[in-house]
Amino acid sequence: MTTSGKTRLYLYIGSVLTILVVSAFLVILNINEPVEYTRVPFNVLAILTVISCIAMTLFFAKGPVFDIYGQLESTNINAMLLTVIIIIQISFFFEIISVKNQLLNYQVYTDIRNDINVASTYPERKLDDLLESLCKDSITEISVTDMSGTILHSSDKNLIGSTAERTRYTYAFNKTSSIRFSVDPFFVRNKIKSIALNLLTVLVTSVFFSVEIVLLMIMNVSKGMTKRILKDYQQDKDKRSQIPEDEYEKIKASLENADIPSALYYIRQIAFLFYFASRLSSSFIPIVAKSLNNPIKGMAATTAAGIPQSAETLLTCSAIFITTVLLEKKGWKFPFISGLLLVSAGTLSSALSTNLFLFVLSRALVGLGYGFCWMTLRNLSLFGKNAKQQLLGFALLNAGIYSGMNCGSSLGAILADVFGYKTVFFISAVFTLMTSVFIIRLENALLPKTKSNDTEIRQTAKISFNENISVFLFVILMIAPASIAASFLSYYLPLYFDSMGGSITDVGRSQMLYGILLVYAGPTLSVFISKLKGKSLKRINYVYNLIIALSLLFPVMGASLFLPYVSACLLGTADSFGFGVQNNYFLGLPAVQKLGPSKSLSVLSFIKKMLEMIGPFVFAAALTLGYRAGIGALAVAFAIMAIAYFIHSEIMQVSKTK
């Protein structure tokens with residue numbers, strides 16, 4: 001088999017496996033439903049899956065997998081795979097919604113029929129009372145009519161003697177009369193809505209998943225292929241003369257991206273796999289903590305729910321300093337694989353925890369492992385040979401992190417609704433451990449040791465009192481609210497949805513929306529913000545914190561489950577540009593600049609993680625006022641803090657100009 005044939009076969013197998021994974025998840029999502037509900041949709045899904053695999057077979061056998069110069073057409077491959085996956089899911093979506101609608105009506109009809117068979121044996125004087133007791137959430141009214149349609153008995157006594165309206169829900173239980181009932185349209189609509197949202201969530205996350213898998217497959221084969229093509233063109237003058245100069249330069253540019261350390265080359269895929277696996281259980285940690293036996297008497301349930309997350313963050317902070325030493329002495333693979341093992345062990349222990357104390361210890365273990373992995377991934381970007389490669393590394397890292405978080409949190413929430421929390425913990429532990437299989441074959445590399453800068457050391461002694469005050473106030477009034485607000489998604493929303501009768505799937509969807517906006521709104525907003533100068537650029541910081549405060553206000557406006565989704569979207573939009581703006585502002589403060597860039601970044605990372613650690617406790621304290629009043633008070637406090645720093649900044653600016 002030729003090299004191009006092997007490449008086609010490899011990509012074909014990967015694409016088919018991706019289709020099978022998506023189809024399998026659609027089956028898993030509905031596995032607990034009655035057979036009469038799933039029989040037809042599952043048959044349709046099987047047929048569509050087979051057709052899709054045949055389509056991929058034809059595409060990879062004869063389709064435009066390579067361009068005329070022999071390079072992989074990644075756009076074509078992605079488009080083909082995403083098209084068949086979307087067609088499968090949309091077709092399955094409409095089929096299962098149709099069947100579910102029919103089944104819901106049939107179940108209501110069957111329940112009423114069984115109840116009426118019993119009701120027909122009751123004395124007539126008691127039948128009206130019995131009909132009233134049979135009205136459930138799905139039934140608004142039940143009547144017994146004669147053959148002419150006159151209502152003889154009804155759950156609504158005001159209707160007795162009137163002529164019944166026409167309805168498709170009619171059942172004749174003897175020769176002289178029949179039963180008529182009205183179904184609440186909102187009952188069926190809400191059931192269908194829940195299913196539709198789950199399927200839509202799977203559709204969005206499967207697109208993320210498929211894109212990452214295709215990129216991984218293409219990168220696995222393109223690195224060596226690009227080198228081989230370039231070598232052929234350089235050695236064969238006739239072949240070289242046939243390719244336009246701009247295309248030749250593109251091939252050379254591709255080689256530059258391919259000729260980088262494998263750890264950096266695959267950083268997006270490493271980040272995606274780790275965050276996908278480890279975040280499967282992220283949407284319900286506070287709910288599990290709240291439900292466990294608490295050995296500490298007198299502690300509020302909302303406070304107990306925040307302890308595991310804070311313990312996790314605290315241990316993440318402790319790993320920051322250890323990881324750097326390990327990276328310089330052992331290379332990146334040792335701390336990363338150690339982190340994977342710790343996260344997997346902690347997640348498994350979380351599933352087996354029988355009380356809050358054991359659960360907190362388990363989450364602390366997860367936090368330590370997460371700290372090793374997180375800091376290793378951040379430092380992998382420094383393995384680039386130049387500033388361009390390092391910048392590319394950071395961009396790929398962010399894409400992998402938020403794609404993994406989106407897929408993990410939303411799919412984990414759906415699985416928790418179907419199989420329970422404990423099962424998802426087990427799945428997350430296994431998937432996290434499996435990530436190490438991908439890591440093992442990559443080469444190890446040591447982190448270059450940074451040399452101390454004597455100028456920076458001398459400058460640290462020249463920081464004025466006012467400069468220190470500015471840094472302190474910026475941390476307290478600006479960085480603290482932004483860092484604490486991170487607990488809105490991970491701590492507040494799970495408890496809020498739980499208290500409002502929502503599901504854990506709602507939490508996963510809100511986190512998914514946050515991640516989508518963070519990934520896709522960020523570049524556009526960043527381009528716009530980069531054009532601002534002077535005070536306009538500086539004041540974006542205040543806008544960022546005020547948007548955070550505004551996002552927290554939406555749950556205060558009513559009891560609708562829709563409002564927290566708006567909050568998550570607004571928070572995602574704010575963080576999409578606010579992270580970078582706030583970091584740049586902090587690093588630009590005179591006192592921070594005198595520390596030097598390396599120390600400044602370390603200090604900023606540590607400060608943010610410590611503030612994130614206290615976030616759940618801040619929210620827990622606010623919740624003592626109630627789920628809506630507490631979050632409203634916190635929003636007002638954050639807004640006042642942003643305004644206070646704005647006033648301080650303006651006063652300092654005026655004093656400098658005098």
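**Figure 1. Overview of the predicted model.** Of the 658 residues of the chain, 50% count as buried. The model is a predicted one, and its secondary structure comprises 24 helices and four strands. Among contacts in the chain with a separation of 6 or more, 81% are made by residues 24 or more positions apart.

**Figure 2. Close-up of the contact between helices α11 and α18.** Helix α11 spans residues 301-329 and helix α18 spans residues 487-499. The two helices pack at an angle of about 145 degrees, and their axes are 11 Å apart. The crossing of α11 with α18 is right-handed. From α11, the contact involves Thr302, Thr303, Ala305, Gly306 and Gln309; their counterparts in α18 are Ser487, Ser490, Tyr491 and Leu495. By class, the residues of this contact comprise three nonpolar, six polar and no charged.

**Figure 3. Close-up of the contact between helices α11 and α13.** Helix α13 covers residues 356-380 and packs against α11 at an angle of about 35 degrees, with the axes 6 Å apart. The crossing of α11 and α13 is right-handed. The residues of the contact divide into 20 nonpolar, seven polar and two charged.

Figure 4. Leaving out residues up to four places away in sequence, Pro295 touches Leu356 and Phe357. Pro295 and Leu356 are separated by 61 residues in sequence, yet their C-alpha atoms are 7.2 Å apart in space.

Figure 5. Tyr496 and Phe497 are both buried. These two residues also belong to a cluster linked by ring pairs, which contains Phe488, Tyr492, Tyr496, Phe497, Tyr565, Phe619 and Tyr627.

Figure 6. The rings of Tyr542 and Tyr645 form a tilted pair, 6.4 Å from centre to centre and with 50 degrees between the planes. This pair links distant parts of the chain: Tyr542 is in helix α20 (residues 534-553), whereas Tyr645 is in helix α24 (residues 627-657), and the two are 103 residues apart. Both Tyr542 and Tyr645 are buried.

Figure 7. Ala644 is located in helix α24. With a relative accessibility of 33%, Ala644 counts as partly exposed, because this class lies between the buried limit of 20% and the exposed limit of 50%. Ala644 and Met478 lie 166 residues apart in sequence, with 9.6 Å between their C-alpha atoms.

**Figure 8. Close-up of Lys609 and the ring of Trp374.** The charged end of Lys609 is placed over the ring of Trp374. The distance from this charged end to the ring centre is 4.6 Å.

Figure 9. Arg268 lies in helix α9, which comprises residues 267-278. The relative accessibility of Arg268 is 19%, so this residue counts as buried, given that the class requires a value under 20%. Aside from neighbours within four places in sequence, Arg268 is in contact with Val211, Glu212, Leu215, Leu396, Ala399 and Gly400.

Figure 10. Val84 has its place in helix α3, which runs over residues 74-119. At 8% relative accessibility, Val84 counts as buried. When residues up to four places away in sequence are not counted, Val84 touches Ile19, Ser52 and Met56. Val84 and Ser52 are 32 residues apart in sequence, and their C-alpha atoms are 5.8 Å apart in space.

Conventions:
Residues are numbered from 1 along each chain as its sequence is written. This is a predicted model: local features need pLDDT of at least 70, side-chain atom pairs count only at pLDDT 80 or more; totals for chains, interfaces and linings use all residues. Side-chain values use heavy atoms; hydrogens and water are left out. Axes are lines fitted to C-alpha atoms, for helices over the stretch in contact, and angles run from 0 to 180 degrees between N-to-C directions. A crossing is left-handed if the near helix is turned anticlockwise from the far one by less than a right angle, and right-handed if clockwise. Contact means heavy atoms within 4.5 Å. Ala, Val, Leu, Ile, Met, Phe, Trp, Tyr, Cys and Pro count as nonpolar, Asp, Glu, Lys and Arg as charged, and the others, Gly among them, as polar. Buried means under 20% relative accessible area, exposed over 50%, partly exposed in between (1.4 Å probe, protein chains only). Rings of Phe, Tyr and Trp (its six-membered ring) pair if their centres lie within 6.5 Å; planes under 30 degrees apart count as stacked, over 60 as edge-to-face and the rest as tilted. A charge sits over a ring if NZ of Lys or CZ of Arg is within 6 Å of the ring centre and within 35 degrees of the ring normal.
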